[in-house]
Amino acid sequence: MGRIKHEPPKAPSWSWMAYAGGIEFMDDEYGKLQVFKNLKLSEKDQKALVTNVREFRKCNLIKEAKLG
């Protein structure tokens, strides 16, 4: 794959939009790949993809000691 010559602003080197050619997706032979279930376009301008990156489950705060 060769880089696409963009006029400024350029696409970042890590972006799929910086290179010519198609995208090949991995096969999920074992059904263990994480899928973004809540992927959506931003409400503000519809130009950015938005999703949760991490989710805490069974997370509790425990008070251990008084400070001061």
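Contact here means heavy atoms within 4.5 Å. With that in place, let me turn to the structure, which is a predicted model.

I begin with the chain as a whole. The protein chain has two strands and zero helices. Its radius of gyration is 20 Å, whereas a compact globule of 68 residues would have a value near 11 Å. Along the principal axes, the C-alpha atoms fill a box of roughly 60 × 40 × 25 Å.

The contact pattern comes next. If we take the contacts between residues at least 6 apart in sequence, 0% of them join residues at least 24 apart.

Now the surface. Buried residues make up 6% of the 68 residues.

Where does Ser 42 lie relative to β1 and β2? Ser 42 is found in the loop between these strands, with β1 spanning 40-41 and β2 spanning 49-50. Is Ser 42 buried or exposed? Ser 42 counts as buried because its relative accessibility is 12%, and the cut-off for buried is under 20%. Which residues does Ser 42 touch, once those up to four places away in sequence are set aside? The residues are Lys 47, Ala 48 and Val 50. Of these, Val 50 belongs to the span of β2, 49-50.

Thank you for your attention.

Methods
Residues are numbered from 1 along each chain as its sequence is written. This is a predicted model: local features need pLDDT of at least 70, side-chain atom pairs count only at pLDDT 80 or more; totals for chains, interfaces and linings use all residues. Side-chain values use heavy atoms; hydrogens and water are left out. Helices (H or I, at least four residues) and strands (E, at least two) are DSSP runs, numbered from the N terminus. The radius of gyration is taken over C-alpha atoms; the globule rule is 2.2 Å times the number of residues to the power 0.38. Buried means under 20% relative accessible area, exposed over 50%, partly exposed in between (1.4 Å probe, protein chains only).
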